[in-house]
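These are my notebook entries on one protein chain, written down in the order in which I looked things up.

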Amino acid sequence: MALPGTTGGVPRADILSHMTAEDFTSQGTPIYFPVYAMRRTALKEIKAMLPHEDMLPKGLIKWKDNIGPLVFVSHQWTSFNSGPDPEGVQWPILRLLASNLWTSMRSFQDMFESLG
């Protein structure tokens, strides 16, 4: 059975075209679906949800080996032709969620640091 995004177990050309030398482990095994991450500051700067293909060349999302802890967010596009969030409903909620999560994480970290 082929992996999603592959043809007969081989990554599609559109996936391979975005891969760099960093996309391969030290054993030479390709990473078919690398995780791209967005800095918290970029999340604050962007005013609307953009497709991956638009964010990548602008440097808004990046792939980095050993990126460390991160929060994974998935969303459903609300339009086929007008972008991921044409009504601007999901993006403000995601930004608020991220802001609240960051505040909670900082409070949690401060609590543990005060114990020790």
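I began with L60, which I found in the loop between α3 (52-55) and β4 (61-62); helices (H or I, at least four residues) and strands (E, at least two) are DSSP runs, numbered from the N terminus. The model is predicted, and for that reason local features need pLDDT of at least 70 and side-chain atom pairs count only at pLDDT 80 or more, while totals for chains, interfaces and linings use all residues. Residues are numbered from 1 along each chain as its sequence is written, and side-chain values use heavy atoms, with hydrogens and water left out.

Is L60 buried or exposed? I noted that L60 counts as buried because its relative accessibility is 17%, where buried means under 20% relative accessible area, exposed over 50%, and partly exposed in between (1.4 Å probe, protein chains only). Leaving out residues up to four places away in sequence, L60 touches A37, M38, R39, A42, I46, L50 and M55, a contact being heavy atoms within 4.5 Å. For one of these, A42, I also looked up the C-alpha separation from L60, which is 6.2 Å, although the two are 18 residues apart along the chain.

Next I looked up the largest nonpolar core, which has nine residues, namely A42, L43, I46, M49, M55, L60, I61, W91 and L94. The elements giving two or more residues to this core are α2 (40-45) and α4 (90-115). Such a core is a set of buried Ala, Val, Leu, Ile, Met, Phe, Trp, Tyr and Cys residues joined through side-chain atoms within 4.5 Å. In soluble globular proteins, nonpolar side chains tend to be buried together.

I then turned to Q90, whose place is in helix α4. The side chain of Q90 reaches the backbone oxygen of Q76 at 2.7 Å. Apart from neighbours within four places in sequence, Q90 is in contact with M49, H75, Q76, T78, P84 and D85.

L101 also lies in helix α4, and I recorded it as partly exposed, because its relative accessible area is 32%.

Finally, I looked at the whole protein, whose secondary structure comes to four helices and four strands, following the pattern β-β-α-β-α-α-β-α along the sequence. Buried residues make up 20% of its 116 residues. Of the contacts with a separation of 6 or more, 43% are between residues 24 or more positions apart.

Note on methods:
A polar contact is a pair of N or O atoms within 3.5 Å; within protein, one must be able to donate a hydrogen and the other to accept it, and residues adjacent in sequence count only if both atoms are side-chain atoms.
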